[in-house]
Amino acid sequence: MRRTFSPWADPNAKPLIRFENVTKRFGDAVAVDRLTLDIFEGEFFCLLGPSGCGKTTLMRMLAGFEYPTEGRITLAGQDLAGVPPYRRPVNMMFQSYALFPHMSVEKNIAFGLKQDGLPKPEIAARVEEMLRLVQLEKLAKRYPSQLSGGQRQRVALARALAKKPKVLLLDEPLGALDKKLREETQFELMDIQHDLHMTFVVVTHDQEEAMTMADRIAVMDHGRIVQVATPGEIYEQPKTRFIAEFVGDVNILEGHVMGQENGLWRVKTASAEMPLSIDDPDEVLHSGQAVAIAVRPEKMVVQREKPAPEAVNVLTGEVWDIGYLGDWTVYRIRLATGEILRVSCANVSRFVENPIDWDEQVYVTFAPGAAVILAE
Amino acid sequence: MNRRLSLFNVTSLVLGFAFLYLPILLLVVYSFNGSRLVTVWGGFSTQWYAALFRNQALMEAAWVTLRIAFLSAGMATVLGTLAALALTRYGRFPGRTLFTGMVYAPMVMPEVITGLSLLLFFVAVDLDRGFWTITLAHTTLTMCFVTVVVQSRLMTFDRSLEEAAMDLGAPPLRTFFAVTLPLIAPSIVAGFLLAFTLSLDDLVIASFNTGPGATTLPIKIYSQVRLGLSPEINAASTILIGLVTLGVISATLISKRSVLRSRRNV
């Protein structure tokens with residue numbers, strides 16, 4: 001079911017959240033700049049970007065803590081202008097968790113339900129259900145100061161979910177957790193979102209987190225959205241150099257377009273003797289145009305033997321650094337131009353006879369389909 | 001850094017504390033004097049405490065003092081807390097610096113001037129001097145202390161707690177009473193105790209604004225001393241010192257504990 005979930009590709013689908021030409025200024029500073037974005041019901045949507053890119057402001061406008069300077073935000077068709085945070089069917093999980101220190105875990109979770117004036121038995125039942133969902137039944141009477149970081153995160157999640165909001169906003173939800181716990185929690189969040197059929201909007205600066213969890217990612221920079229796409233598209237078909245460099249590792253080779261040959265673009269670079277052949281048919285380029293070629297480290301091959309004469313995309317260099325990560329080995333190869341390439345190689349075998357060593361002369365190759373051309 | 005106590009440190013410590021507290025200690029000791037002569041030691045006795053409680057005029061003054069302290073501290077706490085909220089919450093409104101300075105001015109204003117100007121004001125609006133004028137004057141004096149204490153707590157207050165409450169459906173006023181107030185309560189209590197003790201031992205402002213039937217304990221003690229020292233006064237002063245010390249210490253402890261607790265919860 002997950003695989004076929006793509007309402008954004010359906011022209012008849014109505015978005016749940018709609019940002020229309022939204023601008024937010026703080027004094028002279030522009031935090032969000034004429035931004036338009038649709039988010040659909042049931043999506044796990046990530047806003048990704050470096051700090052100061054406007055992603056948090058965007059989320060706070062959705063929660064109602066900030067109002068747009070220009071433009072309009074609608075939720076399920078309703079214009080949110082002038083609707084205060086306490087009247088929006090949206091709940092937020094705060095980066096600091098913002099648990100009420102003077103209330104026990106169950107009181108924290110019940111807080112939102114109490115504001116709705118639900119009858120007591122119903123509140124108790126819902127609190128129970130939430131505690132079970134985040135597996136904290138035994139800690140209901142504890143206070144936030146008596147909990148570990150991971151437990152607090154769960155309480156914050158349960159509290160935000162308790163009112164069954166149309167949209168759950170999560171501000172750097174895993175930022176305060178250590179690496180192991182973060183990974184586990186990522187999958188838990190995905191399961192919860194899936195089970196509750198809720199729309200999640202997550203703000204994060206951690207691209208790995210966004211890649212793992214999101215149905216779609218919006219990469220933001222300087223108050224604008226640079227690309228909205230699935231994690232796979234963002235990684236394999238980045239629209240700009242900023243995205244290629246921000247999401248994952250990448251090698252950039254700069255050059256000029258020479259022309260098209262057999263459906264492949266020929267690009268002359270200083271890094272390689274022969275022009276490179278790149279298979280990126282969607283790109284519209286003209287001869288002489290300056291471009292950047294982006295190749296992911298795992299899509300390059302490093303070898304000691306000279307490739308066959310008919311091989312394409314051959315670069316030569318010497319091994320500058322070797323980093324052994326267990327599952328991967330990362331080679332840093334220094335080309336004659338002084339550029340350093342990063343090539344990663346999966347360690348498929350436990351023993352390698354005569355492995356590539358420091359300072360060796362090596363060849364780096366990549367297939368025409370492995371690279372993306374980015375217009376400068 | 002050398003953290004051990006050297007002879008020099010010990011000496012300066014002893015001298016400093018002696019300078020500050022020896023006179024007070026002397027007064028406390030002499031309140032247990034068996035002799036009628038204030039300056040001659042005549043053995044240990046608690047008779048002056050007993051005499052004090054039989055002294056109608058002194059007891060009445062004590063009762064007036066406590067009522068004034070309680071009322072003025074109450075009013076100062078409400079006003080001071082509101083001022084602290086306004087100063088920390090409403091960003092940079094025009095004249096904010098001036099307003100801050102004006103709130104703190106009574107702290108450094110010579111008491112004689114505060115007392116005199118209040119007296120002139122009460123005369124101008126034709127308010128009969130007495131219990132209520134002292135209460136109002138003490139409110140003016142102590143409000144800024146409450147503001148300082150509450151403001152320092154609000155500075156470290158995590159605003160996302162209030163945002164979370166609103167996000168969960170609580171309108172601003174309910175957010176204030178359900179989240180903000182309980183969390184800053186310790187500092188408000190500390191501010192109240194501070195205001196209470198300040199009102200308790202004030203002489204100057206009270207004597208400017210007093211009237212018939214509103215003699216506070218400090219005024220009473222001062223006027224009695226002018227007529228001649230009595231060991232009863234020593235006993236009364238000792239009790240006053242005890243009350244003030246208790247108030248200040250609890251105010252400090254309460255605000256310290258709340259700071260520790262709020263730090264733990266970050």
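In chain A of this predicted model, strands β11 and β12 form a hairpin with two residues between them. N262(A), in the turn, has a positive phi of about 55°. Helices (H or I, at least four residues) and strands (E, at least two) are DSSP runs, numbered from the N terminus. β11(A) pairs with β12(A), residues 264-269, in the antiparallel sense over six bridges, where pairing requires that DSSP finds at least two bridges between two strands. Within this pair, V257(A) has V267(A) of β12(A) as its bridge partner. β11(A), residues 251-261, is also joined by six bridges to β14(A), residues 290-295, and these two strands run antiparallel. Here G255(A) stands opposite V291(A).

Residues are numbered from 1 along each chain as its sequence is written, and chains are lettered from A and ligands numbered from 1 in the order in which they are written. Because the model is predicted, local features need pLDDT of at least 70 and side-chain atom pairs count only at pLDDT 80 or more, while totals for chains, interfaces and linings use all residues.

An open sheet of chain A contains five strands in the order β15-β19-β16-β17-β18, with antiparallel pairing. β15 (300-303) and β18 (340-346) of chain A are at the edges and have a single partner strand each, so one side of each is left without a neighbour in the sheet. From one strand to the next, the twist averages 45°. Seven bridges connect β16(A), residues 314-324, with β17(A), residues 328-335, in the antiparallel sense. Y324(A) has T329(A) as its bridge partner in β17(A).

The domain assignment of chain A gives domain 1 (7-245) and domain 2 (249-375); such bounds come from an automatic or database domain assignment. The C-alpha centres of the two domains of chain A lie 39 Å apart. Six residues from domain 1 and six residues from domain 2 of chain A make the contact, residues being in contact if their C-beta atoms, placed from the backbone, lie within 7 Å. The side of domain 1 that touches domain 2 holds two nonpolar, two polar and two charged residues. In these classes, Ala, Val, Leu, Ile, Met, Phe, Trp, Tyr, Cys and Pro count as nonpolar, Asp, Glu, Lys and Arg as charged, and the others, Gly among them, as polar.

Between the chains, 19 residues of chain A are in contact with 16 residues of chain B. On the chain A side, the elements that give two or more residues are β6 (90-93) and α2 (105-115). α2(A) provides the largest share, three residues. By class, this side of chain A has 11 nonpolar, six polar and two charged residues.

Chain B has 11 helices and zero strands. Its C-alpha atoms fill a box of roughly 70 × 60 × 30 Å, taken along the principal axes. Of the 266 residues in chain B, 37% are buried (20 or more other C-beta atoms within 10 Å of the residue's own, with C-beta atoms placed from the backbone). Among contacts in chain B with a separation of 6 or more, 79% are between residues 24 or more positions apart.

Helices α4 (residues 96-108) and α6 (residues 131-155) of chain B pack at an angle of about 115°, with their axes 8 Å apart. Axes are lines fitted to C-alpha atoms, for helices over the stretch in contact, and angles run from 0 to 180 degrees between N-to-C directions. The contact involves V103(B), Y104(B), P106(B) and M107(B) of α4(B), together with T140(B), L141(B), C144(B) and T147(B) of α6(B). These residues comprise six nonpolar, two polar and no charged.

Conventions
Two residues are in contact if their C-beta atoms, placed from the backbone, lie within 7 Å. A residue is buried if 20 or more other C-beta atoms lie within 10 Å of its own, exposed if 12 or fewer, and partly exposed in between; C-beta atoms are placed from the backbone.
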